[in-house]
Amino acid sequence: MEASAQRAETPAAQPGKASSRTKSERKLAWMLCAPAVIVMLAVTAYPILYAFVLSLQKLDLRFPEQTEFIGLANYGTVLSAELWWLDVWNTFVIMVISVAIELVLGMLIALVMHRAIFGRGTVRTTVLIPYGIITVVAAFAWQFAFASESGFVDNLPLIADEKNWFGGHISSLAVIIMAEIWKTTPFMALLLLAGLVTIPDELYEAARVDGASAWQRFVKITLPLMKPAILVAVLFRTLEASRVFDSIFIMTRGAQNTESVSILGFNQLINRLNLGLGSAVSVLIFVGVVLIAFVFIKGFGVKVEEGRPGG
Amino acid sequence: MGERLETRRAKQALAVLLVSALAGAVLNACGGSSSGPPQLAFFVAIQPGGTIEATAERCTKEADGKYTIKPELLPNDASQAREQLVRRLGAKDSSIDIIGLDVILTSEFANAGWIAPWTGKEKEEASKDVFPSVLKTASFEGELYASPFNTNTQLLWYRKDLVPKPPETWDQMREVAEKLPEAGKIQVQAERYEGYTVWVNALIESAGTSILSGPEEVELEQVPTEEALEVIGRLAHSSAASPNLPTSNEDTARLAFEAGEAAFMTNYTFAFASAKENAPEINEQMGAAPFPKVNSNPAKPPLGGFNLAVSAYSEHQQQAFEAALCLSGEKSELTAVELDGLPPSHENLYTSKTVKKAYPGFAAVVREEVEAAGPRPVTPAYQDVTSAIQRALHPPESIPAENVEGKYDELKSDLEGAVKREGLL
């Protein structure tokens, strides 16, 4: 109590003192942030910089004595390769389709969770289960379900008995996208629900009195007020989807042209041990992710702190 | 006050816990070298029949306190097992002592300096009575880098009740299968993985040429290579192809054969024991024939198996060489053939009772196949070469039944980049 009263007094009355207080508060803020900043530098900035240094070298762990500095040649190799652009396209397709479907489904689920009259806790918990399952486990479950030898999907009505889902480009991509949607829609729904609960009920009541239909209320009240939450949810999911790896790795390992850029990076780094080329791919993926975030934040005006759950 | 005391106690308890955990970790780390016999870590692909555990236990006993062997089981899939090994060896990890090395990895690991060469008495003992074709897979630039354990080869498995006489060539086999009223399928391995390279290489070798003529030279004579590619293309576009052809591996092949859906299957020797256990009535009709030919040249069946190498970063190399000799010795090979149906790499064992019991009536065929086998390319850049083959030729339907010149050109140019480790793969 005492402290808040003091704070209320200070700004207008004594500007000189306030600036020294601001200074000391800023110092305190830095000190409080410092541990987190140091940890972030150690686990994020250092690996990124190291990857960049590696990407400027001809460096193959199988041929350690042939290491040399080659400037940006690795980037030239990657960007001039047909395979890179093919994989960028695949990643883009997976990203756009899965995020679009997740947004619609997530919104529906968020509305249901918000309006659920009974069993609210049960509904919310149930919806979250897929998100709680480890991606690799979920990917195996989907692979087994669709595999032509062991899967039950081929036995369902309306589906050809001998359909080999992982034997074609479109069908493999479809299963991968379905698994992604199943897995991360709950995340989307949760972020949207957080935005939904911040809209005051009075607005809906007033609109109802004015004779607005349910659709009008959704379009004129819910959507505009949820814009920050929606944009943040879409941004988070887009960033995640652009790095899709696990599902593809388990289901096809990139066969049938289902390779994403992350799989491409893995193949260069872990499979070929070509650290130079692989790091160039990784750095390019990082640049792509930064670009996506930049477009969302500057282009669509996402305010991450506003769209945060509870914000 | 009471609360504070409790927090202090809790903190003390936590500190005790942390210290003891740390101490435990330190003790564990030192345990191997400071007290008792060294424990040798044996990294090797899992064998479902229990060969690895049984041989490790026997050799530990025979060492009589000089060392103990602890198996660290790797995935059965060759590429996944390799990933686990190269990650550790690339970081000079000393926790690996003995490596169960897939035959294709010798040149890569030897060239990178990850495995120690065999010399003197041990080299002599490791190579005694071993098939020359197998010994080649354990050597690099004239040096022996591993002691051959089990070898492996593919046979043509066929249904004696449906096919009176096994076909000699792939074309004959396809024609017979197409005419069969039921079970008219041929099971092979054509998923985008190492198994597809195995098949492609066997076909190219059988056609009379090779993929590489040296570590950085592509051979691929045009006419025989195109004949080999046509075999894949014609099968892929035939009714004899199984619906899961582009995702088929050793396991899906044997499952379909055991289910009675296929009259033919090219697969490793484990398929016989597997059918005996899962489908006895199919097993009774299971015939073993030599790997089919592509043209008039003799067939060159695939060659698989494991050789045991000693890590260059092992802290107990001398003991590791000794242990590897025991683990790959004749006794261990007989365990492998008994428990997992894996063919021995020692020629002299093929007349033993154990081998004859594991391969009833076809022990001689297995032996001839190993002798005639066409090994996969030998190059330190093997991973790039196999990736390029799989990328260029998968899915099998992408190879036309005729006029495969386009595919041939693609394969050749991709491989020429791969041997130099250029470009993305």
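A salt bridge here is a side-chain nitrogen of Lys or Arg within 4 Å of a carboxyl oxygen of Asp or Glu. The side chains of B:Glu230 and B:Arg234 meet that test, at 3.0 Å from N to O. They sit four residues apart in helix α9 of chain B, so about one helical turn separates them.

Before going on, some ground rules. This is a predicted model, where local features need pLDDT of at least 70, side-chain atom pairs count only at pLDDT 80 or more, and totals for chains, interfaces and linings use all residues. Residues are numbered from 1 along each chain as its sequence is written, chains are lettered from A and ligands numbered from 1 in the order in which they are written, and side-chain values use heavy atoms, with hydrogens and water left out.

Over all chains the structure holds 29 salt bridges. Here are three of them:

| Pair | Closest N and O atoms |
|---|---|
| A:Arg253 and B:Glu83 | 3.3 Å |
| B:Glu194 and B:Arg376 | 2.9 Å |

(Helices are DSSP runs of H or I with at least four residues, strands are E runs of at least two, and both are numbered from the N terminus.) B:Glu83 is buried at 6% relative accessibility, while A:Arg253 is partly exposed at 24%. Buried means under 20% relative accessible area, exposed over 50%, and partly exposed in between, using a 1.4 Å probe and protein chains only.

B:Glu194 and B:Arg376 are both buried. There is also a network of salt bridges linking A:Asp60, A:Arg62, A:Arg272, B:Asp384 and B:Arg421.

Now for B:Asn244, in the loop between α9 (222-236) and α10 (250-258) of chain B. B:Asn244 is buried, with a relative accessible area of 6%. Leaving out residues up to four places away in sequence, B:Asn244 touches A:Ser148, A:Glu149, A:Asn164, B:Gln187 and B:Thr252, where contact means heavy atoms within 4.5 Å.

As for chain A, there are 13 helices and two strands. Its C-alpha atoms fill a box of roughly 70 × 60 × 30 Å along the principal axes. Of the 311 residues in chain A, 42% are buried. Among chain A contacts between residues at least 6 apart in sequence, 69% join residues at least 24 apart.
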